[in-house]
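Biologist: I have a structure open on my screen and would like to learn how to read it. Could you walk me through a few features?

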Amino acid sequence: MTKSWMKREPLILLHARDIRAKLLDSREKKFRRFLGKGRGGLYVLYEGKRAVYVGLASSLRWRIPKHLRDHLAGKWDRFSLFVVRKAKYLKDLETLLIRVTKAKFNKQRGKFSRHKSVTRKLNRFLTSRRAR
């Protein structure tokens with residue numbers, strides 16, 4: 001029997017991991033052609049194996065190469081990208097990745113849209129006598 005969660009449409013339509021930034025220097029047009037139009041999603045820039053920046057873009061094909069010349073130029077050497085089906089979840093996914101990776105060049109830590117933090121409540125519950 002197939003589980004219902006296995007039948008769902010995927011959130012991530014395609015992804016590429018650990019691509020060298022040097023490949024983009026002279027091949028930006030090829031990169032844009034490969035991704036095609038309308039490919040929005042998330043990307044992570046790495047310095048070595050450490051994530052240093054997480055971003056979202058409505059057009060990954062333009063946004064990632066732009067970082068070769070902006071304030072992040074020379075601060076990253078690899079990237080990963082994730083094309084997402086539902087753009088309405090991009091901001092929450094970006095916030096999640098920023099918080100998990102603790103990327104040092106993200107100035108904002110990100111905010112989740114409409115959520116309830118239960119951190120304090122969970123800590124109190126776990127340290128109370130009732131939890132034991």
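Modeller: We will go through a helix, some salt bridges and a pocket in turn. Please keep in mind that this is a predicted model.

Biologist: Which residues of helix 4 are buried, and what covers them?

Modeller: Here we look at relative accessible area, where under 20% counts as buried. In helix 4 the buried residues are Leu90, Leu93, Glu94, Thr95 and Ile98. Their cover includes strand 2 (41-47), strand 3 (50-57) and strand 4 (78-84).

Biologist: Glu94 is on that list. Why does Glu94 count as buried, and what does Glu94 touch?

Modeller: Glu94 is found in helix 4, and its relative accessibility is 9%, so it counts as buried. Leaving aside residues up to four places away in sequence, Glu94 touches Leu42, Val54, Gly55 and Leu56.

Biologist: Now for charges. How many salt bridges are there in the whole structure?

Modeller: First the general idea: side chains of opposite charge can pair when their charged atoms come close. A search of the whole structure gives 6 salt bridges. Let me take one of them: Arg85 pairs with Glu9, and the closest N and O atoms are 3.1 Å apart. Arg85 sits in the loop between strand 4 and helix 4, while Glu9 is in the segment before strand 1 (12-20), so this pair ties together parts 76 residues apart in sequence. Arg85 is partly exposed at 37% relative accessibility, and Glu9 is exposed at 55%.

Biologist: Which residue does Asp18 meet in a salt bridge?

Modeller: Asp18 meets Arg78, with an N to O distance of 3.6 Å. This pair links distant parts of the chain, since Asp18 is in strand 1 and Arg78 in strand 4, 60 residues apart. Asp18 is partly exposed, with a relative accessible area of 46%, and Arg78 is also partly exposed, at 26%.

Biologist: What about Glu28: which residue is its partner at 2.8 Å?

Modeller: That partner is Arg69, and 2.8 Å separates the closest N and O atoms of the salt bridge. Glu28 belongs to helix 2 (residues 28-35) and Arg69 to the loop between helix 3 (60-66) and strand 4, so the bridge ties together parts 41 residues apart in sequence. Glu28 is buried at 14% relative accessibility, whereas Arg69 is exposed at 56%. Salt bridges with shared partners join Glu28, Arg32 and Arg69 into one network.

Biologist: Last topic, pockets. What is the volume of the largest pocket, and which residues lie nearest its centre?

Modeller: The largest pocket has a volume of about 260 Å³. Its lining is made by 13 residues, and Ile19, Leu24, Phe31, Phe34 and Phe79 lie nearest the centre. Strand 1, helix 1 (22-25), helix 2 and strand 4 each contribute at least two lining residues.

Biologist: And how many lining residues are nonpolar, polar or charged?

Modeller: The lining of the largest pocket has 10 nonpolar residues, 1 polar and 2 charged.

Methods. Residues numbered from 1 in each chain as written. Predicted model: local features only at pLDDT ≥ 70, side-chain atom pairs only at ≥ 80, totals over all residues. Heavy atoms only, no water. Buried < 20%, exposed > 50% of the residue type's maximum accessible area, 1.4 Å probe, protein only. Helix = DSSP H or I, 4+ residues; strand = E, 2+ residues; numbered from the N terminus. Contact = heavy atoms within 4.5 Å. Salt bridge = Lys/Arg side-chain N within 4 Å of Asp/Glu carboxyl O. 1 Å grid on protein atoms, 1.4 Å probe; cavity = no way out; pocket = protein on both sides within 12 Å on 5 of 7 lines; lining within 4 Å. Points joined across faces, edges and corners; volume = space filled by probe spheres on them. Nonpolar A, V, L, I, M, F, W, Y, C, P; charged D, E, K, R; others polar.
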